[in-house]
Amino acid sequence: MAELRPIDPPFVALGPSGIAIRTSLKGLTPEDERVLRLAGAHLGSLASKDFKRRCADGLEHSAQTWAERKRDLTQESSSRWAGSITKATHDQWALARRAQLAHIHSLQAGIRTIAHRLSLPMGEKGTKGAPGGYRTRQEWFAKTRRLHMLKDRLDAQRADREAGHVRVARGGRRLLNARHHLDAAQLTEHEWRQRWEAARWFLKADGESGKRFGNETIRVTPEGEVSLKLPAPLVALANAGHGRYVLAARVSFHHRGDQWADRVAANRAVAYCIHYDVERGRWYLTASWTIPPVKIIPLADARRDGLIAVDTNADHLAAWRLDEHGNPCGEPRRFVYDLSGTTGHRDAQVRHALTRLLHWAERHGLAIAVEDLDFGAEKTREKHGRRKRFRNLISGMPVSRLRARLVSMAAELGITIIAVDPAYTSRWGAEHWQRPLTSKTRKATRHDAAAVAIGRRALGHRIRRRTAPPPHHQSDGAGHRTAQAGHDARGRKGTRPRLPGPRTGCVPPDAERTRATSASTTVRDAPVAQDWDQTSLLLTD
């Protein structure tokens, strides 16, 4: 039997650390669009050159090399544009390093799995914790070749990491590869070129506290006037003083507009990004700023009155309300979403499902318990072999998007999110809860049972239900029932207290008084001290 991995304790998830809002730039003149394109292309060219220099520096990067790069960029743009470009370069390099490390871990996991399966005899069946041997000699031979290929890739990645080399395509590697497969991407060369150039433009400016309206490079006034500081080679195109260009469009933020207006009026830092959507032919302006961390409540307070447990699936959220003792209350709920179609449609579906879930939790004033899912090590072909449908299933689950949106939306409503270790919740939930929760009028699914398991773990209880009552005369003849308290719970064991009244259900209510008035001729043994659970009872069969 495979050993169970250690289970991490539940914890209260931190709230969002920043806010981003977006609006469209409507009413731009042809001259406005020409200036934005020229500025974006020029700054994008500088960003590409700066990123190339940063990659060449590798691990030898220092504050001195950073200052040299910034001085060179300042001559062709401005000091603030140079600061924004170098900061974006460092963020991109750090992201590439994290992705490189994740790729190394994925290669190591694949090598371990293949090596283990190659060491087993052909046709040997696997267990729940480990896969078995390969089925045929052809498959065994193919996997030996793949093992050598993965080892070569791992050596190359380790060498790059030790040397500080990263490989990044500004504009996106997926769009870059689409250039060689225009028919499959359903694009013409001209359409692809437009998307590629727009993706490589750079029109981002970091905010500065104390400066006018919180940003000197891209400035948005409370009245909605948008202006930007032109780079040095484009100063001749300025239509306002100090080398600035004022757009004809006027913007307004409908979502969080009051918060944005308060920051702008107080000259607090606001970062802006101008983006062009080639498919829609629209320009957008995104404003973002940091916020202090949301104050979270202690875990004990979050689960005092129970909670709502949620099991995340590929097409729906299975939720069930639990009381403070871990007992399911009411009926299970299901919030369905459809992840087919465009990115906007998928995002809207996820947002709608989370909105209904949060409104339900807000009505009852309860916290929400979710799994801390991460399928990074579960999507490899070596992990699940021929199970392509299952790999596609877990790959399509919007885990990171659900988690980010749930945390940010819950913070606005003041709802606490409790993150739970997902280990064995589906398996143990189906084993201990699916059948007891099924009745003539309700058919509990495996996902509903998993939600109960998640909630019980978030509440600090065991997932396992207590056993059924003793088989004969429902008393102590066959021992006590299994308790839900842990082994290290204080006060779990002690002498069973003497309860007044009858001990079994087969004795009439007035039997105790009748016995007291008559002389007993039966010699009874003294009560023996037994284990007694003093916690609340659970739902039984």
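**Close-up views of a predicted model**

**View 1. Strands E9 and E12 pair in the parallel sense.** Three bridges join strand E9 (residues 307-312) to strand E12 (residues 367-371); two strands pair if DSSP finds at least two bridges between them. Ile-308 stands opposite Ile-368 in E12. Helices (H or I, at least four residues) and strands (E, at least two) are DSSP runs, numbered from the N terminus. This is a predicted model: local features need pLDDT of at least 70, side-chain atom pairs count only at pLDDT 80 or more, and totals for chains, interfaces and linings use all residues. Residues are numbered from 1 along each chain as its sequence is written, and side-chain values use heavy atoms, with hydrogens and water left out.

**View 2. Six strands form an open sheet with mixed pairing.** The strand order is E1-E13-E12-E9-E10-E11. Strand E1 (11-12) and strand E11 (328-336) stand at the edges. Each has a single partner strand, so one side of each is left without a neighbour in the sheet.

View 3. Axes are lines fitted to C-alpha atoms, for helices over the stretch in contact (heavy atoms within 4.5 Å).

**View 4. Glu-189 and Arg-179 form a salt bridge.** A salt bridge is a side-chain nitrogen of Lys or Arg within 4 Å of a carboxyl oxygen of Asp or Glu. Here the closest N and O atoms are 3.3 Å apart. Glu-189 lies in helix H7 (residues 189-200), and Arg-179 in the loop between helix H5 (173-178) and helix H6 (182-185), so the pair ties together parts that are ten residues apart in sequence. Glu-189 is partly exposed at 46% relative accessibility. Arg-179 is also partly exposed, at 28%. Buried means under 20% relative accessible area, exposed over 50%, and partly exposed in between (1.4 Å probe, protein chains only).

**View 5. Arg-219 meets Glu-216 in a salt bridge.** The N to O distance is 2.8 Å. Arg-219 is buried, at 12% relative accessibility. The structure holds 16 salt bridges. Elsewhere, Asp-347, Arg-351 and Arg-405 are linked in a network.

**View 6. Asp-448 is buried yet has no salt bridge.** Asp-448 is found in helix H15 (residues 446-458). The nearest side chain of opposite charge, Arg-334, is 4.3 Å away. Lys and Arg count as positive and Asp and Glu as negative; His and the chain ends are not counted. Leaving aside neighbours within four places in sequence, Asp-448 is in contact with Ala-318, Trp-320, Pro-332, Arg-334 and Lys-443.
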